[in-house]
Amino acid sequence: SIIMLYPLDEPYTDVHAGEKNKDIPRMASQLEKASKYVKQYFPGKPVGVIFSKKNINKKDFRIPPGFDWISYNCYDDMLDCDGKRAVDLYGSLLKKMNPQQKLMAVPQTFIRHQKKRTSLVHLLTIKKHWILLLKD
C-alpha cells in the first residue's frame, strides 16, 4: 500500500546554496505543481515534504500549498540540531503550517561518531530521541 508520496527531499537546499535560477517562490510554485500532479494520479493519498533543518528558520522559507505532511531532517543529535532542540524546530514548522497539514516526526537521520552500528543500537538511539520528544 502507498501511505504517502514524497516527491523531493529537502527542496530548498539548492536554493540556499546559491544555485542559479532558483529562488524560494519559484521552487514553491514548482512544488505546488508537483503535488497537484501527484494527487491527480494518486487521489486521496497525502503528499509529504521534509525540509532541511537549515532552511526552516530562514526569512524566505515557506511551505508550498498542496503538501499534507510536513517535517524536517536533523542529521545531528535531536537535542542539538544546529544549536536548537528538535521540538523548537517542530514549533517553527507548526507556526507556518495551515490547519489541514500534519506534522511528521522524523527521527535523527544520520548517526555518526561510531564505526560499528548494529540494528539494536540504531533502535535504541531512535527510542531515546522519541522519549525526549514526547517529554516536551
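Ser-92 lies in helix 3; helices (H or I, at least four residues) and strands (E, at least two) are DSSP runs, numbered from the N terminus. The model is predicted: local features need pLDDT of at least 70, side-chain atom pairs count only at pLDDT 80 or more, and totals for chains, interfaces and linings use all residues. Residues are numbered from 1 along each chain as its sequence is written, and side-chain values use heavy atoms, with hydrogens and water left out.

With a relative accessible area of 15%, Ser-92 is buried. The term buried means under 20% relative accessible area, exposed means over 50%, and partly exposed covers the range in between (1.4 Å probe, protein chains only). The side chain of Ser-92 also makes a polar contact with the side chain of Asn-57, at 3.0 Å. A polar contact is a pair of N or O atoms within 3.5 Å; within protein, one must be able to donate a hydrogen and the other to accept it, and residues adjacent in sequence count only if both atoms are side-chain atoms.

**Strands and core**

Strand 1 (residues 48-52) is mostly covered, since 5 of its 5 residues are buried. Strand 1 runs parallel to strand 2 (residues 69-73), and 5 bridges join the two; strands pair if DSSP finds at least two bridges between them. Phe-51 has Tyr-72 in strand 2 as its bridge partner.

Phe-51 and Tyr-72 also belong to the largest nonpolar core, which has 26 residues; they are among those with the most contacts inside it, together with Tyr-12, Ile-70 and Leu-93. Helix 2, strand 1, strand 2 and helix 3 (86-96) each supply at least two residues of this core, and the largest share, 5 residues, comes from helix 2. A nonpolar core is a set of buried Ala, Val, Leu, Ile, Met, Phe, Trp, Tyr and Cys residues joined through side-chain atoms within 4.5 Å.

**Salt bridges**

The structure holds 2 salt bridges, a salt bridge being a side-chain nitrogen of Lys or Arg within 4 Å of a carboxyl oxygen of Asp or Glu.

| Salt bridge | N to O distance |
|---|---|
| Glu-32 and Lys-36 | 3.9 Å |
| Asp-68 and Lys-39 | 3.0 Å |

Asp-68 lies in the loop between strand 1 and strand 2 and Lys-39 in helix 2, so this pair ties together parts that are 29 residues apart in sequence. Lys-39 is partly exposed, at 29% relative accessibility. Glu-32 and Lys-36 are 4 residues apart in helix 2 (residues 24-41), and are therefore separated by about one helical turn. Glu-32 is partly exposed at 26% relative accessibility, whereas Lys-36 is exposed at 54%.
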